[in-house]
Every structure is written in structure tokens, then in C-alpha cells.
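Please read the following briefing alongside the sequence and the three-dimensional view.

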Amino acid sequence: MKKKWWHDKVAYQIYPKSFLDTNGDGIGDLRGVISKLDYLKELGIDIIWLSPIYKSPFVDQGYDIADYYKIAEEFGTMEEFDELLAEAKKRDMYIVMDLVVNHCSDQHEYFKKALANPDGEYAEYFYFVKGKGKKAPSNYRSYFGGSAWEPVPGSDKYYLHMFAKEQPDLNWENPKLRRKVYDMINWWLDKGLGGFRIDAIINIKKDVKFPSFPADGPDGLASCVKMVEEVEGVGTFLEEMKHETFEKYDAFTVGEVFNMKEDELREFIGEDGHFSTMFDFSAHELTFGEHGWYDSKPIVFKEWRDIVFASQLEMEGIGFKANIIENHDEPRGASRYLPAHAQNEAGKKMLATTSVLLRGIPFVFQGQEIGMTNCLREDISEYDDISTIDQYQVAIEAGCTKEEALHCCYENSRDNARTPMQWSDGENAGFTTGKPWLALNPNYTEINVKEQENRADSVLSYYKKLIALRKSDSYKETFTYGKFVPAYEEQDDIFAFRRVHEENGQDILVVANFGQEPCTLTVEGKVHTVLLSNMNREQAVFAEAEMNGSVTLESCECAVILMG
Ligand code: GLC
Ligand code: CA
């Protein structure tokens, strides 16, 4: 496999609005990001992905872009962005931006021009399609609920929006539009960006016949994802985009890819794939409800472990996936993947270990490194997220009580990850001196950076050790290129695997007990060194264990052991 500069890097996602506010307007900003670069460097981060910071009306929190060449005033100025790039560079860090090109904002000048002349040139930048009689061209439900078609005022046409109606889809079939997109990408790469995280990208290919599908909900609509799943040919666009842009810069790209067709992994992330990497969402998909959040399924430990393993094995010999336990669209990993008895610091460290040491590119989402959790709200009015408000309504319409509907938001809402970063136990968690744009999780008095920074056994201190181990000169090769080999699969509560490097001979066992009871395991092979333990297990204990031929792991205990 050809080595690439990003193979051994660790990435961190910043949700700028909630990271750190430095001017008291309650909104995180670029100055805040700049001021925390040293914090991130110390954590061991190489690549920083910023969720969108472009000019936007923020209907979908910046994933609705009104001007791709401007920084949102809320976040700062282009000068500050350039400063961020320069400061990151000084520290050998890379900035990755969010590339949102399936759609733009209805406030984008292209869309305004399109509305002004629904038969003109700019209408061709979007999907302006004649209705069927008095009805929309097809029965698609948008991802955020309701029809994916919106009437174009003063015309018999409708425009397509797979997300909110304020996010019209861009017409990738139009070569002029594609050229504009590529020019924009290159403009940013010329500034010295490390690359892009690529939003909702699978959706760019449409079946322009827009066939209807059998209804899949009481609203008589069918999810627009059905069309995405059936249409062929997204790869042609992705290859063109890569050749016209990323490839020339050796940029790092990470795709947000759902609904990839079977057997296409090599095309997406193989050596000459469309992207450098793509997120592994296989665990996340386990909880998907058939109709929405109200019928989402809880995580069952074994199913979760098995799907992570399957995904790891699938990419072997093909490429690298990007491993996450949470992001700005997901509930907090600690709340989701840890059983109740493990929702504590030991459990959070264990979860960190089993994610960061997998094969692939580890991504840490802001606050994950201190073990931030989901946030309880008492009323739907306390939520901001457009999708949460829709899903609450879907739950109520399906017959849930208010309490039940709120509970499904507690478990699934995207706002769980978007509450402000908890820097200290001071006013507003040190996030802002003003009124935070989204209410804090009240547990900031216990869970915060300041408390953890100087405590040797904190979750934060553990993350630092864990990332340092992954990147250490001695073990980096193995953690980056070593094979993933499942271990102790017959055990019901154990998440264990080995990272084996055939050339350097290293064999590292990562083992974690997610069960509520201690678990005794047979030691296979010789223990050489305990590289990391979340319970300060000493070398001697394992050495003794080896003599006895078995070792007992406490509930929530994990260890990283060099064998041989
Ligand atoms: C992606 C983003 C999400 C956004 C959607 C539409 O899934 O991660 O936050 O709402 O695309 O842009
Ligand atoms: Ca601010």
C-alpha cells in the first residue's frame, strides 16, 4: 500500500458554534479555535475538521451555505481564518473544512437568480421540475420531513430539496455548476487547507426522471433515500471532482457516505478511491428506526461489537475508514454505547480505547475527550435542531406521549452533541461570558476541561496517553498499518482485538470488559508489556496472570498489551 501523509494522523472535529466564544455574543468563533490550538496539540491532534464556517442563515446550522467564499460574520473574518491556518501550520496541524455541495442555501445568489427567472440559466443550477398536474413531481419525503419538493412561486415548477426547503439541491448534471464547485474547492485548497470533510455527498446523483416509490409512512410519502439507493453513477461525478481538485493538492478527504452500494468500498476508499477515507457509520446504522427516532433500536453490545469487527475486516487490504463514536449529528458516544453500569470514567476510557486503537483514522468530536454526555431537556422548545423538531412531531403523530417523544429526543437528538463545550465549572462552563446560543448541559459543573486537565486519572489525561501511544515511535507502524484481528469473540461482554504487524513482528492485544461482572480470560501467548491500562494495572499482575494461564478483568476494565 502506498503510504500517504494522513495515514497515521488523529483528527478532531470542531463544531465552531459551540466550541469557544471570545466576544461574548454567545456564539463560538474562530478566535476561540485559535486560542485552543495548543490544547488540541497537547491532546495529540493533527487534523482539525471545522463544521461549516461559511456565510449562512443557519437554518441547518451552517449546512446551508449562502456564500462559499465568505466566512460567517458570527464566526469572524477571512483574516482570522488565514491566521488560524498559519497558526495551525506552525504547530504542524492541518485544517480541514466542511464541503457542502449537494445543496446550498436559498439565500445563495444562484438560487435567488433562479427564482427570479425559473426558465433562465440559473434555474439549471438546481432541479426546477414541472409538477404533475397540481402535484409535486414525485412523492419524496425530505430527510427533515415533509415533501422534498417546494413550489417555485409564479411558475408551474417545483424545486428539489432533499434536506430543508431552505437547502435547494444543486444540479450536478449541469457541467457549468460542477465547474463552479471545482473552482471554489481549488480556491480554498490554494489557501493551504489540508482537505475537506464532504457532506451528504452520496445524494449528488439523482435519477432525473424522479420516479415515485410506494409510500412508507402515514404521510403518503416515500423517503428520498429510495431514489439515492437505486440510481447509478455517483462515482463518475466523484472521480471528476477528485481529478479536478483534491488530487492536484494531495488533499485529505473524508466522505460522509451513507447508502453506498455493496462491493463499492474499493471504489470509494481504495488506493485510487474517490476519497482518502470515509466515516464508518455501521454502528450508528444499528439504531436506525424504521419510521424515525421513536422506533429507533437500543444498542445491543454484541451486535455493536460484531458490526465494528465486520467493518474492520471489510476494509483490510482496501483502505482506511474513519472511526468515530459521535459527531455533530449523533448523540454522545458515552451515552449511546456504554451500558448503564459503565457510564462512568472507567467506561469512557474503555470506549475511547476500543475506538482510537482500531485500524483507520480516529476522529474525536469536541467534548468526547472529557466524556461529555447527552443532555436532558424538559420541553421541545429547548431544542434548536431542525431535525429534532421534525422527529419530535413524527413521534407525537405516531401516538407517543410528550414524555415519550422527549425521551426519544434525549436519546437521539443532534443537539446532544451541540451543547457548548465544557471548559470549566465557572459561569457558562467558560464557553461564553454572554448568553449561550444553546443551553449548556448542566453537568458542566462536574464534567469540564479545567477539572480534568490536572488530574492524572481523568478521562482527558487518559485520551492524551491513548493518542500518544497510538502515535509513539515504537508502536505507530503497528497501530497504523497492522492487521486487525478479532479476539475473544466467544465472550459475550468482551471487546477485544489484536493489532498485528507482520513485518516488525509486533502483536498488540486490546481488551475491554463491557460487562457488569469481572471476567476471566485465558491468556494466549506471552505478555511482554502492559502499554496502557485504565485501572492502573501493573505489569506484575499480568505477568502473574500469565503464569496462571488466565487473567481477570474487572467490569469496565481495559488494557493494551504488547505480546511476545
Ligand atoms: C450532513 C450534516 C448534517 C446536515 C446534512 C445536510 O448529514 O452532517 O449536519 O444537516 O448533511 O447538510
Ligand atoms: Ca462569538
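**Cysteines, ligand and domains**

Cys-224 has its closest cysteine sulfur in Cys-104, and because the two sulfur atoms are 17 Å apart, they are too far from each other for a bond. The model is a predicted one, in which local features need pLDDT of at least 70 and side-chain atom pairs count only at pLDDT 80 or more, while totals for chains, interfaces and linings use all residues; side-chain values use heavy atoms, with hydrogens and water left out. Residues are numbered from 1 along each chain as its sequence is written, and chains are lettered from A and ligands numbered from 1 in the order in which they are written.

**Cysteines**

- A search of the whole structure finds zero disulfides, a disulfide being a pair of cysteine sulfur atoms within 2.5 Å.
- Cys-224 is buried, with a relative accessible area of 0%, where buried means under 20% relative accessible area, exposed over 50% and partly exposed in between, using a 1.4 Å probe and protein chains only.
- Cys-104 likewise counts as buried, at 0% relative accessibility.

**Ligand 1**

- Around ligand 1 there are 13 residues, of which Asp-60, Asp-199, Glu-256, His-328 and Asp-329 come nearest; a residue is near a molecule if one of its heavy atoms lies within 4 Å of it.
- The shell around ligand 1 divides into four nonpolar, two polar and seven charged residues, with Ala, Val, Leu, Ile, Met, Phe, Trp, Tyr, Cys and Pro counted as nonpolar, Asp, Glu, Lys and Arg as charged, and the others, Gly among them, as polar.
- An N or O atom in the side chain of Asp-329 is 2.4 Å from an oxygen atom of ligand 1, while a polar side-chain atom of Glu-256 lies 2.7 Å from an oxygen atom of the ligand, and one of Arg-414 lies 3.0 Å from an oxygen atom of ligand 1.
- Of the 310 Å² of accessible area that ligand 1 has on its own, the protein covers 95%, with areas taken from the Shrake-Rupley method with a 1.4 Å probe.

**Domains and a loop residue**

- The protein is divided into domain 1 (109-160) and domain 2 (482-563), with bounds that come from an automatic or database domain assignment.
- The centres of domain 1 and domain 2, taken over C-alpha atoms, are separated by 57 Å.
- Phe-144 is found in the loop between β7 (140-141) and β8 (149-151), the strands being DSSP runs (E, at least two residues) numbered from the N terminus.
- Phe-144 counts as buried at 10% relative accessibility, and its C-alpha atom is separated by 9.1 Å from that of Ile-389, 245 residues apart along the chain.

Note on methods: Polar contact = N/O pair within 3.5 Å; in protein donor to acceptor, adjacent residues only side chain to side chain. Helix = DSSP H or I, 4+ residues; strand = E, 2+ residues; numbered from the N terminus.
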